[in-house]
Amino acid sequence: MIPLSIPNFEGNEEKYVLDAVSQGWVSTGGAYITQFEEKLASFVNVPKAVACQSGTAALHLSLMECGVKAGELVIAPTLTFIAAVNPIRYIGADPVFMDCDDSLCMDPDKLEKFCESECELIEGVLTHKGTGKCIRALVVVHVFGNMADMERIMDIASSYNLKVVEDATEALGTRYVTGRYAGKFAGTIGDFGAYSFNGNKIITTGGGGMVVASNQDELNHIAYVSTQCKDDPLFYIHNEVGYNYRMTNVQASIGVAQMETLEEFIDRKNNNYDKYCSLFVGNDNVTMMPFRKGTKSNKWFYALKVNKKDTDMHALVHKLSELGVQTRLIWGLISEQKPYEDSIAYSIEKAKEYSKCILNIPCSTNLKEEEISIVCDKLNGLLRS
Ligand SMILES: *Cc1c(COP(=O)(O)O)cnc(C)c1O
């Protein structure tokens, strides 16, 4: 079976893990944690990063630091992994679901229209007219490693006093190469950026996350909150409610090794993407979804759009599996999931369409050239014009 996406440990992972264990530094203290933070921060060109237990924890910490409170609203996408939205509920706030555009990321036109026509600024705080609830933040997801339209989104956020949390959990390494944000990495443009090192992300620590922020005081506060809000290293003094969200040294030891191969992984993802594109040429029934112009993407996940109208997508996944190719369908809309059925969903159109026709195809960094050919042969065979 050619797997969809599996971790790749070709480097110093075992060596560093053994080192961490043999030194006895297995928990939430140890040199690998700071080393991992420094390596990631320097990779995405920011002064500091804070390691935590998961991408979900990174998002939760970021939203709390935005000052979002229970009973408020947070703007978020409907077409993404549900972990991007759940932290809004952890705080007791509710999402307002936004549509995607053809990049699969948040549609800036609809975002702007929503803020303009459905909300008003009251004493500087965006307020939803229908419910009277405050909106202080939005979560933008760089879907499959594709940069959202950050130029537009940052302009809109600034007009309406919204803090921007970038869910860059899928987009570590994605960067602008031209335009206003040339040289800027996904996660480092908004107020907060969250990364994930879950098993299928471009690099993994088994489970883990990282937060970066434009305001270093706020980032230091996030570090404090993630370690139980300890106000004194010796005595048990805690002046706020904290969380046990710190990454462990064992996780970080894997992360340090993975950082050494990140640039290589990005190259492979890019090369494999190009190879897929070339092998699907001539088959009008499928389109490889493109990545934003003016960026270098990490091309973390490949989204194949099935154009043939009557295709039974579930049957397609099963057939491919029988033929030895593991694929999966894009997520169902979060606004249609049970916990979020009653949340506000603003003019969801494109996300509905895309959620019915996108197939994710094998994209591991250790994928072999002949495996790519096999995947394309099977797909071209099943979906011939
Ligand atoms: C993976 C992912 C997360 C959550 O990261 P974890 O480390 O698994 O908690 C959040 N948002 C998106 C879009 C993701 O793909």
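Tyr 176 and Tyr 181 are both buried, a word used for residues under 20% relative accessible area, while over 50% is exposed and anything in between is partly exposed, with a 1.4 Å probe and protein chains only. The model is predicted, so local features need pLDDT of at least 70 and side-chain atom pairs pLDDT 80 or more, whereas totals for chains, interfaces and linings use all residues. Residues are numbered from 1 along each chain as its sequence is written, and side-chain values use heavy atoms, with hydrogens and water left out.

**Aromatic rings**

- The structure contains 14 aromatic pairs; rings of Phe, Tyr and Trp (its six-membered ring) pair if their centres lie within 6.5 Å, and planes under 30 degrees apart are stacked, over 60 edge-to-face and the rest tilted.
- One of these pairs joins Phe 36 and Phe 197, which are tilted at 55 degrees between the planes, with 4.9 Å centre to centre.
- This pair links distant parts of the chain, 161 residues apart: Phe 36 belongs to helix α2 (residues 31–43), and Phe 197 to the loop between β9 (192–196) and β10 (209–213).
- Helices (H or I, at least four residues) and strands (E, at least two) are DSSP runs numbered from the N terminus.
- Phe 36 and Phe 197 are both buried.
- The pair of Tyr 176 and Tyr 181 is tilted because the planes stand at 45 degrees, with the ring centres 5.9 Å apart.
- A cluster linked by ring pairs takes in Tyr 273, Tyr 276, Phe 280, Phe 291 and Tyr 302.

**Ligand surroundings**

- The ligand is surrounded by 16 residues, and the closest are Gly 55, Thr 56, Glu 170, Ser 196 and Lys 201; a residue is near a molecule if one of its heavy atoms lies within 4 Å of it.
- Gly 55 places a backbone N or O atom 2.7 Å from an oxygen atom of the ligand.
- Thr 169 has a polar side-chain atom 3.3 Å from a nitrogen atom of the ligand.
- In Ser 196, a polar side-chain atom lies 2.7 Å from an oxygen atom of the ligand.
- The ligand taken alone exposes 380 Å², and the protein buries 94% of that.

**Helix α3**

- Helix α3 (residues 55–65) is mostly covered, with nine of its 11 residues buried.
- The buried residues of α3 are Gly 55, Ala 57, Ala 58, Leu 59, His 60, Leu 61, Ser 62, Leu 63 and Glu 65.
- Ser 54 caps the N-terminal end of α3, where a side-chain oxygen lies 3.3 Å from the backbone nitrogen of Thr 56.
- Just after α3, Gly 67 has a positive phi of about 85 degrees.

**Loop residues**

- Asn 45 lies in the loop between α2 and β1 (50–52), and its phi is near 65 degrees, a positive value in a residue other than glycine.
- With a relative accessible area of 61%, Asn 45 is exposed.
- Ser 347 sits in the loop between β15 (344–345) and α10 (350–354), and its phi is near 50 degrees, also a positive value in a residue other than glycine.
- Ser 347 counts as partly exposed because its relative accessibility is 32%.
- Ile 237 is placed in the loop between α7 (216–226) and α8 (249–280).
- At 40% relative accessibility, Ile 237 counts as partly exposed.

Technical notes: Polar contact = N/O pair within 3.5 Å; in protein donor to acceptor, adjacent residues only side chain to side chain. Areas by Shrake-Rupley, 256 points an atom, 1.4 Å probe, with all protein chains shown as cover.
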